[in-house]
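Trainee: Please take me closely through one part of this model, the salt bridges and the strands and rings that go with them. I would like one connected account, with the cut-off behind each term.

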Amino acid sequence: MKKLPKIALGTWSWGVGFAGGDTVFGNHLSDQQMEQVFSNAMDKGLYLWDTAAVYGMGSSETALGKLISQYPREEIILSTKFTPQIADKQSAMPVSDMLEESLGRLGVEEIDIYWIHNPSDVEKWTPDLIPLLQSGRVKQVGVSNHSLEQIKRANAILKPAGFSVSAVQNHYSLLYRTSEDAGILDYCHKNNITFFAYMVLEQGALSGRYNSQNPMPAGSGRAETYNNVLPQLEKLTTAMKTMGNARNASVAQVAIAWAIAKGTLPIIGATKVHHVLDAAGAVEIQLNAEEMVTLERLAQEAGVDTRGAWEKPMV
């Protein structure tokens, strides 16, 4: 597997229908839009792609698979997820079955990082990762939305077979630092586990594009979540804009740079080419210690809780 880049690109928004990005973001991407995003990302050296079986019930994986086929497999790192909530209850091997379905939709023979998406039952699902690792169909495994106790338990289950958790993927942003408060980030750093941070831009609330005068499009899931709190975020986003202006950078790039500086690997949802360009450019931005403290203070003062309905408290 290639070395991990500093940023991953997420394709939740490429899925449609149930659990698809169209219900959250209020838009549906055309094949041409996805191709433009993908080709620009590959040109910029962003070759780590994150998806899941549940994103649009497979439609995200299918869309990504069509684009992957245009490139040599070894040039791409693929990350997808097993979601316990949609597992076949009648199957004797539900994790293996769901992996095979993902492989088929993606058009590949192995997955670089395979995740247990939600901590439905660590004792039940984690052991089923072992034969997938032994078979070579999965190169590394990770856990998403797991607490520190659950991560440690998953590691303990994998260890006797000679494996370990290679990655953790949790919601983490300036507005939601529960994984840091719970000690998960520190545990990952000490145990050579890559921490993937999703929702770094809080679905656009920290992109600088939206404010109380220019809210998110009505009718979308993110509008319901964020529009009411946009006024509380204006001091923070104003400071981010000032820091960005000094570097010829955007507010979104400042948010991404902050996440990288915290030792995480941000997953950036990519629906437009400028999202790719922002992500690629953010890698070059260095925030100083005073700026980091200022951003974290203003974020705390905003008093906004962005924990998703699917997330359980980490502390």
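Mentor: What follows starts with the salt bridges, passes to the strands, and ends with the aromatic rings and some loop residues.

The model is a predicted one, in which local features need pLDDT of at least 70 and side-chain atom pairs count only at pLDDT 80 or more, whereas totals for chains, interfaces and linings use all residues. Residues are numbered from 1 along each chain as its sequence is written, and side-chain values use heavy atoms, with hydrogens and water left out.

The structure holds 14 salt bridges, the term being used for a side-chain nitrogen of Lys or Arg within 4 Å of a carboxyl oxygen of Asp or Glu. One of them joins arginine 73 to glutamate 110, with 3.5 Å between the closest N and O atoms. This pair links distant parts of the chain, since arginine 73 lies in the loop between helix H3 (59-68) and strand S3 (77-82) and glutamate 110 in the loop between helix H4 (94-106) and strand S4 (111-116), 37 residues apart. Helices (H or I, at least four residues) and strands (E, at least two) are DSSP runs, numbered from the N terminus. Glutamate 110 is buried, with a relative accessible area of 19%; buried means under 20% relative accessible area, exposed over 50%, and partly exposed in between, with a 1.4 Å probe and protein chains only.

Another salt bridge is formed by lysine 262 and glutamate 180, whose closest N and O atoms are 3.1 Å apart. Because lysine 262 belongs to the loop between H12 and S8 and glutamate 180 to helix H8, the pair ties together parts that are 82 residues apart in sequence. Lysine 262 counts as buried at 16% relative accessibility, whereas glutamate 180 counts as partly exposed at 25%.

Glutamate 291 and arginine 247 also form a salt bridge, with the closest N and O atoms 2.6 Å apart. Here helix H14 (residues 289-302) supplies glutamate 291 and the loop between H11 and H12 supplies arginine 247, so that distant parts of the chain, 44 residues apart, are linked. Glutamate 291 is buried at a relative accessible area of 14%, and arginine 247 counts as partly exposed at 28% relative accessibility. Returning to arginine 73, one network made of salt bridges that share partners joins Arg73, Glu110, Asp112 and Lys139.

The next topic is the strands. Isoleucine 111 has valine 138 as its bridge partner in S5. Five of the seven residues of strand S5 (residues 138-144) are buried, so this strand is largely enclosed by the rest of the structure. S5 in turn pairs with S6 in the parallel sense over three bridges, and serine 144 has glutamine 169 as its bridge partner in S6.

Rings of Phe, Tyr and Trp (its six-membered ring) pair if their centres lie within 6.5 Å, with planes under 30 degrees apart counted as stacked, over 60 as edge-to-face and the rest as tilted. The count by this rule comes to eight aromatic pairs. Tyrosine 172 and phenylalanine 195 make an edge-to-face pair, at 5.7 Å centre to centre and 80 degrees between the planes. It too links distant parts of the chain, 23 residues apart, with tyrosine 172 in the loop between strand S6 (167-171) and helix H8 (178-181) and phenylalanine 195 in strand S7 (residues 194-198). Tyrosine 172 is buried at 0% relative accessible area, and phenylalanine 195 is buried at 2%. Elsewhere, Trp14, Phe38, Trp49 and Tyr71 form one aromatic cluster.

Two loop residues complete the account. Most residues other than glycine have a negative phi. Glutamate 202, in the loop between S7 and helix H10 (221-226), has a positive phi near 50 degrees and is buried, with a relative accessible area of 0%. Asparagine 248, in the loop between helix H11 (234-245) and H12, likewise has a positive phi, of about 55 degrees, but is exposed, with a relative accessible area of 75%.

How values were computed: Pairing = 2+ DSSP bridges.
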